[in-house]
Amino acid sequence: MNPRALLGTARRVLAQLRHDPRTVALMIIVPSLLMVLLRYVFNSAAFFDRIAPALLGFFPFLLMFLITSITMLRERTSGTLERLLTTPMAKFDLIGGYGLAFSAVAVVQVAAATLVSLWLGLTLAGSVAWLLIVVLLNALLGVALGLLASAFARTEFQAVQFMPLIVLPQLLLCGLFHPRDEMATVLRWASDVLPLSYAVDALQRTTTSAALTGGYWRDVTVVLGCAAAGLILAAATLRRQTT
(Lines give C-alpha, C1' and ligand atoms only; values in the text may rest on other atoms or scores of the structure.)
Protein backbone atom coordinates (compact mmCIF):
# COMPACT_ATOMS: atom_id res chain seq x y z
CA MET A 1 0.00 0.00 0.00
CA ASN A 2 1.25 3.47 -0.93
CA PRO A 3 -0.13 6.05 1.56
CA ARG A 4 0.56 8.91 -0.83
CA ALA A 5 -1.44 7.29 -3.63
CA LEU A 6 -4.23 6.34 -1.24
CA LEU A 7 -4.55 9.87 0.14
CA GLY A 8 -4.29 11.36 -3.34
CA THR A 9 -7.21 9.22 -4.51
CA ALA A 10 -9.25 10.23 -1.46
CA ARG A 11 -8.60 13.93 -2.10
CA ARG A 12 -9.61 13.57 -5.76
CA VAL A 13 -12.90 11.85 -4.85
CA LEU A 14 -13.70 14.48 -2.21
CA ALA A 15 -12.94 17.25 -4.72
CA GLN A 16 -15.38 15.66 -7.17
CA LEU A 17 -18.05 15.43 -4.49
CA ARG A 18 -17.57 19.09 -3.59
CA HIS A 19 -18.68 20.00 -7.13
CA ASP A 20 -21.78 17.80 -6.86
CA PRO A 21 -23.92 19.47 -4.17
CA ARG A 22 -26.97 17.33 -4.89
CA THR A 23 -25.07 14.14 -4.07
CA VAL A 24 -23.61 15.71 -0.93
CA ALA A 25 -27.10 16.77 0.15
CA LEU A 26 -28.39 13.25 -0.50
CA MET A 27 -25.68 11.69 1.63
CA ILE A 28 -25.71 14.14 4.54
CA ILE A 29 -29.19 15.66 4.78
CA VAL A 30 -31.51 12.84 3.70
CA PRO A 31 -30.77 10.45 6.64
CA SER A 32 -31.56 13.24 9.11
CA LEU A 33 -34.80 14.09 7.30
CA LEU A 34 -35.81 10.43 7.31
CA MET A 35 -35.29 10.25 11.07
CA VAL A 36 -37.53 13.31 11.52
CA LEU A 37 -40.16 11.72 9.28
CA LEU A 38 -39.96 8.46 11.22
CA ARG A 39 -40.40 10.21 14.55
CA TYR A 40 -43.53 12.11 13.58
CA VAL A 41 -45.19 9.53 11.32
CA PHE A 42 -45.56 7.10 14.23
CA ASN A 43 -45.63 9.86 16.88
CA SER A 44 -44.50 7.42 19.57
CA ALA A 45 -41.40 8.01 21.66
CA ALA A 46 -41.28 4.34 22.72
CA PHE A 47 -41.45 3.10 19.13
CA PHE A 48 -38.83 5.64 18.06
CA ASP A 49 -36.46 4.45 20.80
CA ARG A 50 -36.89 0.85 19.62
CA ILE A 51 -36.43 1.31 15.88
CA ALA A 52 -34.36 4.48 15.47
CA PRO A 53 -30.93 3.01 16.38
CA ALA A 54 -31.27 0.24 13.81
CA LEU A 55 -32.39 2.67 11.11
CA LEU A 56 -29.53 5.00 12.01
CA GLY A 57 -27.32 2.15 10.88
CA PHE A 58 -29.38 1.14 7.88
CA PHE A 59 -29.82 4.52 6.18
CA PRO A 60 -26.06 5.25 5.87
CA PHE A 61 -25.51 1.64 4.74
CA LEU A 62 -28.10 2.01 1.96
CA LEU A 63 -27.06 5.46 0.77
CA MET A 64 -23.33 4.76 0.82
CA PHE A 65 -23.92 1.55 -1.15
CA LEU A 66 -25.86 3.38 -3.86
CA ILE A 67 -23.60 6.42 -4.13
CA THR A 68 -20.37 4.41 -4.05
CA SER A 69 -21.42 1.84 -6.63
CA ILE A 70 -22.67 4.48 -9.06
CA THR A 71 -19.65 6.76 -8.58
CA MET A 72 -17.20 3.91 -9.14
CA LEU A 73 -19.11 2.80 -12.22
CA ARG A 74 -18.92 6.31 -13.67
CA GLU A 75 -15.16 6.20 -13.18
CA ARG A 76 -15.05 2.98 -15.15
CA THR A 77 -17.35 4.01 -18.02
CA SER A 78 -15.66 7.40 -18.42
CA GLY A 79 -12.25 5.78 -18.80
CA THR A 80 -10.85 7.43 -15.68
CA LEU A 81 -10.39 4.11 -13.91
CA GLU A 82 -8.57 2.56 -16.84
CA ARG A 83 -6.17 5.50 -17.04
CA LEU A 84 -5.47 5.35 -13.31
CA LEU A 85 -4.72 1.65 -13.46
CA THR A 86 -2.08 2.19 -16.15
CA THR A 87 -0.06 4.08 -13.52
CA PRO A 88 2.02 2.38 -10.82
CA MET A 89 -0.90 2.82 -8.41
CA ALA A 90 -1.93 -0.49 -6.83
CA LYS A 91 -5.56 -1.58 -6.96
CA PHE A 92 -5.92 -1.46 -3.19
CA ASP A 93 -4.59 2.11 -3.15
CA LEU A 94 -7.43 3.06 -5.47
CA ILE A 95 -10.11 1.12 -3.61
CA GLY A 96 -8.76 2.25 -0.25
CA GLY A 97 -8.81 5.87 -1.41
CA TYR A 98 -12.46 5.59 -2.35
CA GLY A 99 -13.22 3.90 0.96
CA LEU A 100 -11.39 6.63 2.88
CA ALA A 101 -13.13 9.46 1.02
CA PHE A 102 -16.63 8.08 1.42
CA SER A 103 -15.93 7.14 5.03
CA ALA A 104 -15.03 10.77 5.70
CA VAL A 105 -18.38 11.82 4.25
CA ALA A 106 -20.06 9.11 6.32
CA VAL A 107 -18.63 10.65 9.52
CA VAL A 108 -20.48 13.88 8.77
CA GLN A 109 -23.60 12.01 7.69
CA VAL A 110 -23.70 9.85 10.80
CA ALA A 111 -22.94 12.73 13.17
CA ALA A 112 -25.77 14.82 11.69
CA ALA A 113 -28.33 11.99 11.78
CA THR A 114 -27.37 11.02 15.34
CA LEU A 115 -27.60 14.59 16.63
CA VAL A 116 -31.00 15.01 15.02
CA SER A 117 -32.20 11.71 16.53
CA LEU A 118 -31.02 12.72 20.00
CA TRP A 119 -32.76 16.10 19.56
CA LEU A 120 -35.94 14.22 18.64
CA GLY A 121 -35.78 12.40 21.98
CA LEU A 122 -33.88 9.17 21.26
CA THR A 123 -33.00 7.53 24.59
CA LEU A 124 -29.91 5.35 24.91
CA ALA A 125 -28.99 3.18 27.87
CA GLY A 126 -25.39 3.08 26.70
CA SER A 127 -22.96 5.67 25.41
CA VAL A 128 -23.56 7.63 22.23
CA ALA A 129 -19.99 6.68 21.24
CA TRP A 130 -20.98 3.00 21.14
CA LEU A 131 -23.79 3.87 18.76
CA LEU A 132 -21.52 5.98 16.54
CA ILE A 133 -18.95 3.19 16.23
CA VAL A 134 -21.49 0.75 14.83
CA VAL A 135 -23.19 3.28 12.55
CA LEU A 136 -19.84 4.35 11.07
CA LEU A 137 -18.85 0.72 10.49
CA ASN A 138 -22.20 0.17 8.79
CA ALA A 139 -21.52 3.09 6.46
CA LEU A 140 -18.08 1.64 5.69
CA LEU A 141 -19.74 -1.70 4.99
CA GLY A 142 -22.04 0.02 2.49
CA VAL A 143 -19.00 1.60 0.82
CA ALA A 144 -17.21 -1.75 0.58
CA LEU A 145 -20.21 -3.60 -0.85
CA GLY A 146 -20.91 -0.73 -3.26
CA LEU A 147 -17.37 -0.86 -4.59
CA LEU A 148 -17.65 -4.63 -4.93
CA ALA A 149 -21.02 -4.46 -6.71
CA SER A 150 -19.71 -1.87 -9.19
CA ALA A 151 -17.24 -4.44 -10.53
CA PHE A 152 -20.13 -6.54 -11.86
CA ALA A 153 -22.26 -3.75 -13.36
CA ARG A 154 -21.88 -2.15 -16.79
CA THR A 155 -24.47 0.61 -16.43
CA GLU A 156 -25.78 2.73 -13.58
CA PHE A 157 -29.13 0.95 -13.88
CA GLN A 158 -27.40 -2.39 -13.33
CA ALA A 159 -25.64 -0.96 -10.28
CA VAL A 160 -28.99 0.05 -8.80
CA GLN A 161 -30.35 -3.43 -9.56
CA PHE A 162 -27.89 -4.89 -7.07
CA MET A 163 -29.76 -3.14 -4.25
CA PRO A 164 -32.63 -5.69 -4.12
CA LEU A 165 -30.04 -8.47 -4.18
CA ILE A 166 -27.59 -7.16 -1.59
CA VAL A 167 -29.43 -4.61 0.57
CA LEU A 168 -33.11 -5.56 0.85
CA PRO A 169 -32.63 -9.21 1.97
CA GLN A 170 -30.42 -7.93 4.78
CA LEU A 171 -33.07 -5.40 5.80
CA LEU A 172 -35.77 -8.08 5.96
CA LEU A 173 -33.65 -10.66 7.80
CA CYS A 174 -31.66 -8.46 10.19
CA GLY A 175 -34.22 -8.67 13.00
CA LEU A 176 -35.58 -5.15 12.59
CA PHE A 177 -39.12 -6.27 11.75
CA HIS A 178 -39.21 -9.65 13.47
CA PRO A 179 -36.92 -11.31 16.05
CA ARG A 180 -34.33 -13.47 14.34
CA ASP A 181 -34.72 -16.36 16.78
CA GLU A 182 -38.41 -16.63 15.84
CA MET A 183 -37.79 -16.92 12.10
CA ALA A 184 -38.00 -20.16 10.14
CA THR A 185 -34.81 -22.21 10.42
CA VAL A 186 -33.62 -21.52 6.88
CA LEU A 187 -34.20 -17.79 7.25
CA ARG A 188 -32.41 -17.77 10.59
CA TRP A 189 -29.41 -19.50 8.99
CA ALA A 190 -29.40 -16.89 6.22
CA SER A 191 -29.66 -14.10 8.79
CA ASP A 192 -26.67 -15.49 10.67
CA VAL A 193 -24.36 -14.91 7.69
CA LEU A 194 -25.55 -11.40 6.83
CA PRO A 195 -23.48 -8.57 8.36
CA LEU A 196 -26.42 -6.21 8.83
CA SER A 197 -27.88 -8.67 11.36
CA TYR A 198 -24.87 -8.17 13.61
CA ALA A 199 -24.97 -4.39 13.14
CA VAL A 200 -28.62 -4.28 14.23
CA ASP A 201 -27.84 -6.51 17.22
CA ALA A 202 -25.06 -4.14 18.31
CA LEU A 203 -27.22 -1.06 17.81
CA GLN A 204 -30.05 -2.55 19.84
CA ARG A 205 -27.62 -3.35 22.64
CA THR A 206 -26.83 0.37 22.95
CA THR A 207 -30.48 1.04 23.82
CA THR A 208 -30.88 -1.76 26.36
CA SER A 209 -27.52 -2.09 28.12
CA ALA A 210 -25.60 0.51 30.11
CA ALA A 211 -22.39 -1.55 29.92
CA LEU A 212 -20.42 -3.01 27.05
CA THR A 213 -20.77 -6.75 26.67
CA GLY A 214 -18.92 -9.45 24.79
CA GLY A 215 -21.86 -9.68 22.41
CA TYR A 216 -21.44 -6.03 21.41
CA TRP A 217 -17.75 -6.50 20.60
CA ARG A 218 -18.50 -9.70 18.70
CA ASP A 219 -21.04 -7.88 16.55
CA VAL A 220 -18.66 -4.97 15.94
CA THR A 221 -15.86 -7.34 14.95
CA VAL A 222 -18.10 -9.17 12.46
CA VAL A 223 -19.22 -5.93 10.78
CA LEU A 224 -15.64 -4.64 10.63
CA GLY A 225 -14.40 -7.95 9.22
CA CYS A 226 -17.11 -7.98 6.53
CA ALA A 227 -16.27 -4.40 5.54
CA ALA A 228 -12.57 -5.26 5.27
CA ALA A 229 -13.37 -8.40 3.27
CA GLY A 230 -15.56 -6.36 0.94
CA LEU A 231 -12.75 -3.87 0.26
CA ILE A 232 -10.27 -6.68 -0.40
CA LEU A 233 -12.66 -8.43 -2.79
CA ALA A 234 -13.42 -5.12 -4.52
CA ALA A 235 -9.70 -4.62 -5.12
CA ALA A 236 -9.31 -8.20 -6.34
CA THR A 237 -12.18 -7.88 -8.85
CA LEU A 238 -11.15 -4.45 -10.14
CA ARG A 239 -10.66 -4.74 -13.90
CA ARG A 240 -7.88 -2.90 -15.68
CA GLN A 241 -9.82 -2.62 -18.93
CA THR A 242 -13.37 -1.61 -19.66
CA THR A 243 -15.54 -4.07 -21.57
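What is the volume of the largest pocket? About 300 Å³. The close-ups below start there; the model is predicted.

**View 1. The largest pocket draws on three helices.** Helix 1 (3-18), helix 2 and helix 3 (45-77) are the elements that each give two or more residues to its lining. Helix 3 supplies the largest share, six residues. Among the lining residues are Val13, Gln16, Asp20, Leu26, Ile70, Arg74 and Glu75. By class, the lining divides into six nonpolar, three polar and three charged residues.

**View 2. A nonpolar patch lies on the surface.** Leu34, Leu37, Val41 and Phe42 form this patch. Together they have about 370 Å² of accessible area. Val41 belongs to helix 2 (residues 21-42). Its relative accessible area is 54%; over 50% counts as exposed, so Val41 is exposed.

**View 3. Arg180, Asp192 and Asp201 are linked in a network of salt bridges.** Arg180 meets the side chain of Asp192 at 2.6 Å, N to O. Asp192 lies in helix 9 (residues 185-192), and Arg180 in the loop between helix 8 (168-173) and helix 9, so this pair ties together parts 12 residues apart in sequence. Arg180 also forms a salt bridge with Asp201, with the closest N and O atoms 2.7 Å apart. Asp201 lies in helix 10, so this second pair ties together parts 21 residues apart in sequence. Both Arg180 and Asp201 are buried. Asp192 is partly exposed, at 32% relative accessibility. A search of the whole structure finds four salt bridges.

**View 4. A salt bridge joins Asp219 and Arg205.** Their side chains meet at 3.1 Å, N to O. The pair links distant parts of the chain: Asp219 in helix 11 and Arg205 in helix 10, 14 residues apart. Asp219 is buried, at 0% relative accessibility. Arg205 is partly exposed, at 29%.

View 5. The structure holds one cavity of 30 Å³ or more. About 40 Å³ of space lies in the largest cavity.

View 6. Leu212 is partly exposed, with a relative accessible area of 34%. Leu172 is 40 residues away from Leu212 in sequence and 27 Å away in space, C-alpha to C-alpha.

Note on methods:
Residues are numbered from 1 along each chain as its sequence is written. This is a predicted model: local features need pLDDT of at least 70, side-chain atom pairs count only at pLDDT 80 or more; totals for chains, interfaces and linings use all residues. Side-chain values use heavy atoms; hydrogens and water are left out. Patches are made of residues with over 30% relative accessible area and no salt bridge: like charges are joined within 9 Å, nonpolar side chains (Val, Leu, Ile, Met, Phe, Trp, Tyr) within 5 Å. Accessible areas come from the Shrake-Rupley method with a 1.4 Å probe; for residues, only the protein chains shown count as cover. Helices (H or I, at least four residues) and strands (E, at least two) are DSSP runs, numbered from the N terminus. Buried means under 20% relative accessible area, exposed over 50%, partly exposed in between (1.4 Å probe, protein chains only). On a 1 Å grid over the protein atoms alone, a cavity is a set of points where a 1.4 Å probe fits but cannot get out, and a pocket is an open set with protein on both sides within 12 Å along at least five of seven lines; lining residues have an atom within 4 Å of a point. Grid points are joined across faces, edges and corners, and a volume is the space filled by probe spheres set on the points. Ala, Val, Leu, Ile, Met, Phe, Trp, Tyr, Cys and Pro count as nonpolar, Asp, Glu, Lys and Arg as charged, and the others, Gly among them, as polar.
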